[in-house]
Amino acid sequence: ILFYEIGTDTVFTEDAGSTTRSGLVFDNRTANWNINFFNSLAIDKRGGFWYSQYRSAGTDKASLVHIDPTTGQIDWDSLASLGSPDPLRGTQGIAYDPINDVLALATNTTGNIVIFDALNRVVLTQFPFGNTTNTDIA
């Protein structure tokens, strides 16, 4: 994930292979965190990145992580914080609500819509919608 403040510059001066960047860098090649599909990205009102991946068993890698906007490093993950199997496993899509500071996650393993508190990083509630494939949530 590369994040740059656009500002007023009219020229982009860093090449795609640069190892030093003026913005946030999350390099999955070093940690190999992302190993699946149905990935979603949401930016919270503090500038942090929420990134999801589909994990059906929920025991090897986290389904949801938060990437710190300053360091570019994962500073929270659902598997380590919420336990195994990951209660957010099967996440196929996420959406962020900046007014209430919550994420909505569509899952198909548990068949629930999960409402997640982005500040306190806890599940607030969940309700069933069926075990269908759905990557679109708003």
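This is a predicted model: local features need pLDDT of at least 70, side-chain atom pairs count only at pLDDT 80 or more; totals for chains, interfaces and linings use all residues.

Reader: Which residues are linked with R46 in a network of salt bridges?

Author: Let's take the pairs in turn. The side chains of D44 and R46 meet in a salt bridge at 3.9 Å, N to O, and those of R46 and D101 meet in another at 2.8 Å. R46 sits in the loop between strand 3 and strand 4, and D101 in the loop between strand 7 and strand 8, so this pair ties together parts 55 residues apart in sequence. The residues linked with R46 in the network are therefore D44 and D101.

Reader: What is the nearest side chain of opposite charge to D117, and how far away is it?

Author: D117 is found in strand 9, residues 112-117, and among its contacts is D101. D117 is buried yet has no salt bridge. A salt bridge needs the nitrogen within 4 Å of the carboxyl oxygen. The nearest side chain of opposite charge is R46, at 6.5 Å.

Reader: How many residues of strand 9 are buried?

Author: Look at both faces of the strand. N112, V114 and F116 point one way, while I113, I115 and D117 point the other way, and all are buried. Strand 9 is largely enclosed by the rest of the structure, because the buried count is six of the six residues.

Reader: What is the bridge partner of I115 in strand 10?

Author: Strand 9 runs antiparallel to strand 8, with five bridges, and I115 is the partner of A104 there. Strand 9 also runs antiparallel to strand 10, with six bridges. In strand 10, the partner of I115 is T125.

Reader: Which residue in the hairpin of strand 9 and strand 10 takes a positive phi?

Author: Four residues lie between the two strands of this hairpin. One residue there also meets D75 in a salt bridge, at 3.7 Å, N to O. D75 lies in strand 6 and its partner in the loop between strand 9 and strand 10, so the pair ties together parts 46 residues apart in sequence. The residue with a positive phi near 60 degrees is R121.

Technical notes:
Residues are numbered from 1 along each chain as its sequence is written. Side-chain values use heavy atoms; hydrogens and water are left out. Buried means under 20% relative accessible area, exposed over 50%, partly exposed in between (1.4 Å probe, protein chains only). Lys and Arg count as positive and Asp and Glu as negative; His and the chain ends are not counted. Contact means heavy atoms within 4.5 Å. Two strands pair if DSSP finds at least two bridges between them. Lists of a residue's contacts leave out its neighbours within four places in sequence.
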